[in-house]
Amino acid sequence: MAASLGPWALVALFSAVLAPLRAGAQEAALAGATRIAFRESPAVALYFHVRAAAEGGDSAQAAELVPAIEAARELARALGGDFLAWGALEGLLSGVETVADIEAAFARAPETLELRGGTKVVLRAGAQKLAAALVRGESAFQEPLGSLHERLASARALWDAAVGAKEGELLAFHLKSLGMRDPELAIPVYLVGAAPWPGAVTHLDDAGRGVCFVSVERTSGSLFLETVLHEATHALDVATGGASALGELERKLQASGLDPRDRGLRDLPHALMFVQSAESIRRMIDPTHHDYGEVEKVYERFGAGAESARGFWRDHLDGKLSRAEALDAIVASLAPAPR
């Protein structure tokens, strides 16, 4: 019969199990070519568990976690439902191992944050309230942590089995298709259990590099593989400074006369990122893969321009159109004629 472990013993066990993963990430960084560096942290998992519970109104939570859930809801109200605004906090989670680390990280958060639209909100005080509540509620996460590790290990095993030794080839194809130089990164991808919508996100860390967070509960199978690659692409986009097909598309849209306030200026390059991530998985890993953008109706939400981007970009990958021709066709399908 297995003995019951306290929360700090579980943290130690978690860290011991993950030591080979961190060593692998370090080796990848030294090897030169960009790699995916999976990371797992019980504290980061607890944070996203609480955020998911706060968003979903889940009442079946341990009493010790209720103050943290309420603190997360208060912050969500202050941030006005903008999930990207959480990046001012979540980017600080890179390297976090314990909830005490979260307290220290959130103490570095900006005192205030200006949201899109110009509204300024108090951030640090609410973040510190949440961190303190996480410290008090950590013990309630003891039992879920054991089953969570199994789910995270299963997701990592899926990646290893499906991608594994092909990872370098997959990323090389992906970078070449997007016209990106290889920035030679070990891209940090934190695997977590529950997470709020959209279930995967990439934020900037203290050094301005992309750090990715992916829920293993939101997707499975090849959709999980595409999600990891998609989030890694956000980190690559940051590292390459827009010197890619994504940046080129944005510049062409701007030059076309598209109103700077038009959502297409943001959505269409993002749609292309979805398209290429799906194509990379399908062409290099799983020929039966279906686009996340199609399955989850992302293309539909982006509008007709997304389907145009999908068609023209496939033609480019098939050698029927040059990259410039494909991008021009995508722009012409959405943007008004030049003045």
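The model is predicted. Its largest nonpolar core holds 96 residues. A search of the whole structure turns up eight aromatic pairs. Strands S5 and S6 run antiparallel.

**The nonpolar core**

- Two residues, Phe-106 and Leu-130, touch the most other members of the largest nonpolar core.
- Helix H2, residues 42-56, supplies the largest share of this core, with nine residues.
- Phe-106 has contacts beyond its neighbours within four places in sequence, and Leu-130 is one of them.
- Other such contacts of Phe-106 include Tyr-47, Leu-89, Leu-92 and Leu-93.
- Phe-106 also meets Arg-124, Ala-127, Gln-128 and Ala-131.

**Aromatic pairs**

- The whole structure has eight aromatic pairs.
- In one of them, the ring centres of Phe-48 and Phe-213 are 5.1 Å apart.
- The planes of Phe-48 and Phe-213 meet at 40 degrees, so this pair is tilted.
- Phe-48 belongs to helix H2 and Phe-213 to strand S6, residues 210-215, so the pair ties together parts 165 residues apart in sequence.
- Phe-48 has 3% relative accessibility, which is under 20%, so it counts as buried.
- Phe-213 has 2% relative accessibility, so it counts as buried too.
- Phe-274 and Tyr-292 form a stacked pair, with 5.9 Å from centre to centre and 15 degrees between the planes.
- Phe-274 sits in helix H11, residues 264-284, and Tyr-292 in helix H12, residues 292-295, so this pair ties together parts 18 residues apart in sequence.
- Both Phe-274 and Tyr-292 are buried.

**A ring cluster and a charge over a ring**

- Ring pairs link Tyr-47, Phe-48, Phe-106, Tyr-190 and Phe-213 into a cluster.
- Arg-51 places its charged end over the ring of Trp-86, 3.7 Å from the ring's centre.

- Strand S5 spans residues 200-204 and is mostly covered.
- Four of the five residues in S5 are buried.
- Five bridges join S5 to S6, and the two strands are antiparallel.
- Ala-200 has Val-214 as its bridge partner in S6.
- Five residues lie between the strands of this hairpin.
- Gly-208, in the hairpin, takes a positive phi near 80 degrees.

Conventions: Residues are numbered from 1 along each chain as its sequence is written. This is a predicted model: local features need pLDDT of at least 70, side-chain atom pairs count only at pLDDT 80 or more; totals for chains, interfaces and linings use all residues. Side-chain values use heavy atoms; hydrogens and water are left out. A nonpolar core is a set of buried Ala, Val, Leu, Ile, Met, Phe, Trp, Tyr and Cys residues joined through side-chain atoms within 4.5 Å. Buried means under 20% relative accessible area, exposed over 50%, partly exposed in between (1.4 Å probe, protein chains only). Contact means heavy atoms within 4.5 Å. Rings of Phe, Tyr and Trp (its six-membered ring) pair if their centres lie within 6.5 Å; planes under 30 degrees apart count as stacked, over 60 as edge-to-face and the rest as tilted. A charge sits over a ring if NZ of Lys or CZ of Arg is within 6 Å of the ring centre and within 35 degrees of the ring normal. Two strands pair if DSSP finds at least two bridges between them.
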